[in-house]
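Here's a quick briefing to read alongside the coordinates. Take a look at the model first, then work through the notes by topic.

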Amino acid sequence: MGITKEVHLPNLSSESRKMPITDAVKKQIAQKRRLFFKICLVCGAKNSISATRCRKCKHEALRLKNRALGVKK
Ligand SMILES: [Zn+2]
């Protein structure tokens, strides 16, 4: 009793300081997420890139849609 222990939090400074993620990186990920998906050939539903079959009609005919970023003709 009576011992005043100074609490040191060595990780606090690095943890509390939020690393500012550059918007460019965020934007790139968001764009990739938006562009990389599969389209069902049967019902046209949009499925995730990892989907093996349609989440709507369960058909396996999925067309991969991965447009390259910034494609200009
Ligand atoms: Zn479908």
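K58 sits in the loop between β2 (46–47) and β3 (62–66); strands here are DSSP runs of E with at least two residues, helices are runs of H or I with at least four, and both are numbered from the N terminus. Bear in mind that this is a predicted model: local features need pLDDT of at least 70, side-chain atom pairs count only at pLDDT 80 or more, and totals for chains, interfaces and linings use all residues. Residues are numbered from 1 along each chain as its sequence is written.

- The phi of K58 is near 65°, which is a positive value in a residue other than glycine.
- Is K58 buried or exposed? K58 is exposed, because there are 10 other C-beta atoms within 10 Å.
- For reference, a residue counts as buried if 20 or more other C-beta atoms lie within 10 Å of its own, exposed if 12 or fewer do, and partly exposed in between, with C-beta atoms placed from the backbone.

**The sheet**

- The three strands make an open sheet in the order β2-β1-β3, with antiparallel pairing.
- That leaves β2 and β3 as the edge strands, each pairing on one side only.
- Two strands are said to pair if DSSP finds at least two bridges between them.

**β1 with β3**

- Strand β1 (residues 36–40) runs antiparallel to β3, and the two are paired over five bridges.

**β1 with β2**

- β1 and β2 also pair in the antiparallel sense, here over two bridges.
- On the β2 side, K46 stands opposite I39, and N47 stands opposite K38.
- The two strands form a hairpin with five residues between them, and G44 in the turn has a positive phi of about 80°.

**The whole protein**

- Overall you get two helices and three strands, and along the sequence they follow the pattern α-α-β-β-β.
- What share of the 73 residues is buried? Buried residues make up 5% of them.
- Of the contacts with a separation of 6 or more, 24% are accounted for by residues 24 or more positions apart; a contact means that the C-beta atoms of two residues, placed from the backbone, lie within 7 Å.
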